[in-house]
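Me: Can you walk me through this model? I'd like the surface first, then the aromatics, then the backbone.

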Amino acid sequence: MGQPIFSTRAHVFQIDPATKRNWIPASKHAVSVSFFFDSNRNVYRIISVGGTKAIINCIVTPSMTFTKTSQKFGQWADSRANTVYGLGFATEQQLHQFSEKFKEVKDAARLAREKSQDKELANTALSIAAPQVSTDLSDDLQSPPVMCVNGPEDKLFRSQSADITLSSEKERIKKMLSEGSICELNLEAELFTLQDSNSKLVAALHEANANVEQWKKQLVAYQEETERLREQIADLEAHGGHGPSDLLKDELTQSLEELEALLKAKDEEIHNLQSKKSDYHEVERDRDQAIHRLRMRNSELERRIQNTEQNLSNSLEDRDRMDTELQRAIEILDIKIFDLNDLRQSLVKLVDK
């Protein structure tokens with residue numbers, strides 16, 4: 001297949017085939033996602049390999065659309081595989097680059113398809129003669145018969161009104177479900193961003209904890225060295241001129257000051273690491289709040305869907321009851337018309353006499 005046209009790294013997701021709402025991770029970590037040109041089939045592909053298997057093998061068609069659902073998340077639908085792919089990027093720039101390349105490849109796929117169709121039409125015009133239409137097909141090409149409905153026009157009008165009301169109710173339900181799915185996708189993308197930031201902070205915290213342990217050991221060693229130097233200085237001051245020279249005393253004092261300055265710097269670094277721990281706890285709290293909002297939103301959507309289903313059921317029951325009452329009224333009306341016709345004939349006979 002050759003070298004890739006464009007490559008990037010992203011977390012790959014696929015839509016849950018059962019619910020068509022939730023995302024299922026297709027990779028445990030960020031993997032390479034690349035655009036290729038398949039010269040054998042004259043098509044463009046998006047390919048991503050996780051481990052030993054291909055988690056994306058999608059042919060780009062002119063009808064595909066890549067949609068940005070958040071600052072670092074985008075998605076597109078593959079009708080051939082009957083799924084929706086989602087990509088989570090580390091930066092907004094990577095998402096923008098992939099979106100632009102998707103548009104370019106889609107335009108190139110459209111041009112390749114048009115060229116292929118023109119070539120096929122030219123070959124067909126050269127190899128196939130114009131077929132003659134058989135007269136036996138004239139009967140099959142006639143217009144279908146128009147269905148007639150017997151019965152009062154009032155009943156037909158009322159049934160059509162009920163069908164229109166039911167269709168509008170179904171359209172409203174579909175719109176509500178699509179809005180709910182979009183909200184869930186946005187919340188899940190926000191949760192993915194928080195989880196990505198959380199994993200980075202956890203890695204930084206582990207590294208900081210390891211550095212803290214190492215610095216604590218160095219701090220103990222520096223404190224022991226400081227105590228030893230202080231004891232040497234005290235011995236020099238006690239013995240006066242019997243100890244080392246004043247030059248050695250100055251050097252020891254300078255070393256002691258340097259060690260104290262180093263201890264102070266290490267204390268500041270430990271304080272900074274402790275402040276990073278508090279930031280990590282704040283991120284965890286934000287993540288829990290996002291999960292809580294997502295659950296509340298799901299509960300609200302489920303409640304609205306249940307209410308809508310109940311309203312639809314009530315509408316169907318009202319429609320059935322209306323049809324029953326209308327049929328009964330028609331029967332009564334037919335009886336009244338028959339009675340009036342009988343009365344009219346009796347009056348005519350009476351007048352003739």
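**Surface, rings and backbone**

Reply: Start with L340, which lies in helix α3, residues 246-352. Helices are DSSP runs of H or I with at least four residues, strands are runs of E with at least two, and both are numbered from the N terminus. This is a predicted model: local features need pLDDT of at least 70, side-chain atom pairs count only at pLDDT 80 or more, and totals for chains, interfaces and linings use all residues. Residues are numbered from 1 along each chain as its sequence is written, and side-chain values use heavy atoms, with hydrogens and water left out.

Me: Is L340 buried or exposed?

Reply: L340 is exposed, at 57% relative accessible area. The cut-offs: buried is under 20%, exposed is over 50%, and partly exposed is in between (1.4 Å probe, protein chains only).

Me: Which residues make the nonpolar surface patch?

Reply: L340, L343, L347 and L350 make it, and the patch is about 430 Å².

Me: On to aromatics. How many aromatic pairs are there in the whole structure?

Reply: A search finds 14. Rings of Phe, Tyr and Trp (its six-membered ring) pair if their centres lie within 6.5 Å; planes under 30 degrees apart are stacked, over 60 edge-to-face, and the rest tilted.

Me: What about F66 and W76?

Reply: Their ring centres are 6.2 Å apart and the planes sit at 40°, so the pair is tilted. F66 lies in the loop between β5 (53-60) and β6 (67-68), and W76 in strand β7 (residues 73-78), so the pair ties together parts that are 10 residues apart in sequence.

Me: Are those two buried or exposed?

Reply: F66 is buried, at 11% relative accessible area. W76 is buried too, at 1%.

Me: What does W76 form with F98?

Reply: An aromatic pair, again tilted: 6.2 Å centre to centre, with 35° between the planes. It links distant parts of the chain, W76 in strand β7 and F98 in helix α1 (residues 92-127), 22 residues apart. F98 is buried, with a relative accessible area of 0%.

Me: Which rings are in the cluster?

Reply: Ring pairs link F6, F35, F66, W76, Y85, F89, F98 and F102.

Me: Last topic, backbone. What is phi at N42?

Reply: Near 55°, a positive value in a residue other than glycine. Most residues other than glycine have a negative phi. N42 sits in the loop between β3 (31-38) and β4 (43-50), and it is partly exposed at 36%.

Me: And N82, where is that found?

Reply: N82 is in the loop between β7 and β8 (83-88). Its phi is positive, about 55°, although N82 is not a glycine. N82 is exposed, at 59% relative accessible area.

Conventions. Patches are made of residues with over 30% relative accessible area and no salt bridge: like charges are joined within 9 Å, nonpolar side chains (Val, Leu, Ile, Met, Phe, Trp, Tyr) within 5 Å. Accessible areas come from the Shrake-Rupley method with a 1.4 Å probe; for residues, only the protein chains shown count as cover. A salt bridge is a side-chain nitrogen of Lys or Arg within 4 Å of a carboxyl oxygen of Asp or Glu.
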